[in-house]
Amino acid sequence: MNGWVAVAGLGPGNQALITPEVSAALAAATDVVGYFPYVARLPARPGLVLHPTDNRVELDRATHALQMAAAGHRVVVVSSGDPGVFAMASALFEAVEKGEKGWNRLDIRILPGITAMLAAAARVGAPLGHDFCAINLSDNLKPWALVEKRLRLAAQADFAMAFYNPRSAARPTQFARTLAVLREECRDARPVIFARAVSTAEEAIRVVPLPDALPEMADMRTMVIVGSSTTRLITRDGVPWVYTPRGAA
Ligand SMILES: C[S@@+](CC[C@H](N)C(=O)[O-])C[C@H]1O[C@@H](n2cnc3c(N)ncnc32)[C@H](O)[C@@H]1O
């Protein structure tokens, strides 16, 4: 059995942020599986079969990739950013556990990518320079009460916070609730970074104090980073630098 499956991160958008390891796997692949906008980022070439699918079929997509690898194909499953961050790597292992006996012996590799949180943080300086946490604000796969509990505890523990999936047409109210919870817990004017479409032609970065943050500032292409109580601003022309010092009292 010479097949393999690699779950690879394509980074936040710019081709220059795809790792050489991921590029090598794509060059060796016979098949690419993934959510269609991510598959569309790859150039077609002879000998490579593209399998774009809808976003809501993660487990089916992972199962299909494993079936092809078991049949001898060299399969790359693509995610944006890093495949282990709210993405396909977990779905693949879920499919291994639920799937056919013997899939645990398949050649499976997880190839890291630059996650949106780190690409967004780098644009404004070093807001995640001290302890931080990452929270997926979507309540599609978990109850909202759990999201809110984690938000409150993270704010009370004074973590900087990075929010994935902040707001969508199907979830119009949750991000407003997020901002209300943060204002209640933090009671200060710490910076909030809205980093949209980082590293693409549509990139837009904005930094506002927490009391001025509005739900409309985020959409599904936005990464939101909220500083801790020690996060600082350095003004300059345009978007300020934001950093969190290395030490805390
Ligand atoms: C399902 S998560 C996937 C995260 C991805 N695996 C990663 O590591 O970046 C999708 C969310 O990532 C964030 N995101 C992905 N690409 C982005 C980019 N280029 N700029 C800003 N945020 C991005 C947005 O919050 C979006 O709603």
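A disulfide is a pair of cysteine sulfur atoms within 2.5 Å. The model is predicted, so local features need pLDDT of at least 70 and side-chain atom pairs count only at pLDDT 80 or more, while totals for chains, interfaces and linings use all residues. Residues are numbered from 1 along each chain as its sequence is written, and side-chain values use heavy atoms, with hydrogens and water left out.

**Exercise 1.** Determine how many disulfides the structure holds, and account for cysteine 133.

Solution. Step one: the structure holds zero disulfides. Step two: the closest cysteine sulfur to that of cysteine 133 belongs to cysteine 186 and lies 11 Å away, which is too far for a bond. Step three: cysteine 133 counts as buried, at 17% relative accessibility; buried means under 20% relative accessible area, exposed over 50%, and partly exposed in between, with a 1.4 Å probe and protein chains only. Cysteine 186 is likewise buried, with a relative accessible area of 10%.

**Exercise 2.** Identify the residues of the largest nonpolar core that touch the most other members, and the elements that supply this core.

Solution. Step one: a nonpolar core is a set of buried Ala, Val, Leu, Ile, Met, Phe, Trp, Tyr and Cys residues joined through side-chain atoms within 4.5 Å. Step two: the largest such core has 24 residues, and Met161, Phe163, Leu182, Val192, Phe194 and Val224 touch the most other members. Step three: at least two residues come from each of β7 (132–136), α6 (144–156), β8 (160–164), α7 (174–186), β9 (191–196) and β11 (222–226). Helices (H or I, at least four residues) and strands (E, at least two) are DSSP runs, numbered from the N terminus. Step four: a second, separate core of 18 residues includes Val7, Ala65, Ala91 and Leu106.

Step five: leucine 182 has contacts (heavy atoms within 4.5 Å) with Leu151, Ala155, Met161, Phe163, Arg187, Leu210 and Val226, leaving aside residues up to four places away in sequence.

**Exercise 3.** Locate phenylalanine 86 and serine 199, and state whether each is buried or partly exposed.

Solution. Step one: phenylalanine 86 lies in the loop between β4 (74–79) and α4 (88–98). Its phi is near 50 degrees, a positive value in a residue other than glycine. Phenylalanine 86 counts as partly exposed, at 41% relative accessibility. Step two: serine 199 sits in the loop between β9 and β10 (204–209), and its phi is positive, about 75 degrees, although serine 199 is not a glycine. At 9% relative accessibility, serine 199 counts as buried.
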